[in-house]
Amino acid sequence: MPFESEQVTAQAAAEHRVTTSERGSFSSARCACGWRGPARRARSKAREDALHHHSR
Ligand SMILES: [Zn+2]
């Protein structure tokens with residue numbers, strides 16, 4: 001059923017709410033699931049880290 005898999009995807013996205021926090025010149029991403037990314041010089045890199053942890 002295609003509708004079921006769509007719902008699962010939407011739910012997973014809701015659980016993985018990523019925010020970025022900045023400390024000095026470093027940014028790190030954090031997710032609502034408890035995951036925390038390493039400090040990065042670029043915020044775009046921090047967001048990239050966050051995207052990768054989702055696909056696991
Ligand atoms: Zn997550």
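**View 1. Glu22 (E22) and its surroundings in the predicted model.** In this predicted model, E22 counts as exposed, because 11 C-beta neighbours fall inside 10 Å and a residue with 12 or fewer is classed as exposed. E22 is found in strand β1, and the C-alpha atoms of E22 and R43 lie 8.3 Å apart in space, although 21 residues separate E22 from R43 along the sequence.

**View 2. Strand β1 and the cover over its residues.** Strand β1, which spans residues 18-23, is hardly covered, and the count of buried residues among its six residues is zero. As a general point, the side chains of a regular strand alternate between the two faces of the sheet.

View 3. Strand β2 covers residues 26-31 and is joined to β1 by six bridges, with the two strands running antiparallel.

**View 4. The protein as a setting for the close-ups.** The protein contains two helices and two strands, and from the N terminus on its elements follow the order α-β-β-α. Of the 56 residues of the protein, 9% count as buried. When contacts between residues at least 6 apart in sequence are considered, 10% of them join residues at least 24 apart.

Conventions:
Residues are numbered from 1 along each chain as its sequence is written. This is a predicted model: local features need pLDDT of at least 70, side-chain atom pairs count only at pLDDT 80 or more; totals for chains, interfaces and linings use all residues. Helices (H or I, at least four residues) and strands (E, at least two) are DSSP runs, numbered from the N terminus. A residue is buried if 20 or more other C-beta atoms lie within 10 Å of its own, exposed if 12 or fewer, and partly exposed in between; C-beta atoms are placed from the backbone. Two residues are in contact if their C-beta atoms, placed from the backbone, lie within 7 Å. Two strands pair if DSSP finds at least two bridges between them.
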